[in-house]
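I opened the model to look at the ligand site and then the sheet. My notes follow in that order.

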Amino acid sequence: MPQHISDCTRLNNGVLMPWFGLGVWKAKDGDEVRQAVRTAIELGYRSIDTAAVYGNETGVGEAVAECGIPRDQLFITTKVWNEHQGYESTLRAFEESRQKLRLDYVDLYLIHWPVKGKYIDTWKALQKLYKEGYVRAIGVSNFHEHHLQAIMADGEIVPAVDQVEYHPRLAQTELLRFCNDHGIQMEAWSPLMQGKLLDHPLLADIAAKYGKSVSQVILRWDLQNGVVTIPKSVNPGRIAQNADIFDFELAAEDMEAINGMNTGERVGTNPNQFDEQ
Ligand SMILES: NC(=O)c1ccc[n+]([C@@H]2O[C@H](COP(=O)([O-])OP(=O)(O)OC[C@H]3O[C@@H](n4cnc5c(N)ncnc54)[C@H](OP(=O)(O)O)[C@@H]3O)[C@@H](O)[C@H]2O)c1
């Protein structure tokens, strides 16, 4: 069980990835994202999750360059966007992301969504980047089990990570079991359901019992379920609050109660439907 903000899970290729990090979707490029990343790193965060489509890799790169923490103690994730998928275009997109981030290598490079007819070729490009040492681990995002099966049937490398929507309303129990059985680390996006669960009475009761906030209870639930979590905030107080989850442990009955909130409700698109939008 993670005891400290920099504690890591060991990915299927041996690389260590922090259990906890900062998400920066919707953080504006420039000062907003730069300050958020700087604040987070000062508070002990070591993992930052961005993506080409967030449009803020430049600001993340600036913050990383000026933070004073040695590069090998940081864990930077970015993702190839849908319109850049395919073999050659993924290689070009990666180089653009790497330049914006001002990095020699990226720690984790993900396929953002399983674009039909393209994601296998995209995966082959990620395998090349991995073999050449430009990325320390490769993975996917928004992949259901059948997408993972397709990659595993055609590719040489099993994804290290599947980053999916995950929160008490969408506990992804079958996918989590599949990932655990195949050495794929699940990672939660929108762990706070984008703020939609903060007033939930059951979570509020549990939070009161531990003297913690609802956000902290949810994030702790992620960790105790073996899921990496990357809450987003650009607010220094909330960045600090979200990280203060390593000094308590939810009892089995409270884990069960939160597990019982799973209704399958999403805030984002179902990966099976996003191609149709
Ligand atoms: N792979 C994908 O397709 C995908 C999709 C979505 C997200 N993601 C990743 O996952 C990260 C997290 O997901 P998310 O940004 O969608 O949502 P989230 O982390 O569930 O929620 C973020 C929202 O909650 C607020 N918030 C944060 N901490 C809070 C706290 N302690 N108390 C009250 N409100 C709080 C934030 O506002 P303030 O900033 O004002 O604090 C923001 O509005 C993203 O930033 C991104 O890196 C990936």
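I sorted the shell around the ligand by class and got 12 nonpolar, 12 polar and four charged residues. I counted Ala, Val, Leu, Ile, Met, Phe, Trp, Tyr, Cys and Pro as nonpolar, Asp, Glu, Lys and Arg as charged, and the others, Gly among them, as polar. The model is predicted, with pLDDT of at least 70 needed for local features and 80 or more for side-chain atom pairs, while totals for chains, interfaces and linings use all residues. Residues are numbered from 1 along each chain as its sequence is written, and side-chain values use heavy atoms, without hydrogens and water.

I found 28 residues around the ligand (a heavy atom within 4 Å). The closest are D49, S141, S190, S233 and R238. Helix α9, residues 236–243, gives the most to this shell, with three residues (helices are DSSP runs of H or I, at least four residues; strands are runs of E, at least two; both are numbered from the N terminus).

I looked up polar contacts (N or O pairs within 3.5 Å). A polar side-chain atom of Q241 is 3.2 Å from a ligand nitrogen. Ligand oxygen atoms lie 3.3 Å from a side-chain N or O atom of H112 and 3.4 Å from a polar backbone atom of M193.

I then checked the sheet, which is open, with eight parallel-paired strands in the order β3-β4-β5-β6-β7-β8-β9-β10 (pairing needs at least two DSSP bridges). β3 (22–23) and β10 (228–229) are at the edges with a single partner each, so one side of each has no neighbour in the sheet. β7 (135–141) and β8 (161–165) pair in parallel over two bridges, and V140 stands opposite D162 in β8.

Notes: Polar contact = N/O pair within 3.5 Å; in protein donor to acceptor, adjacent residues only side chain to side chain.
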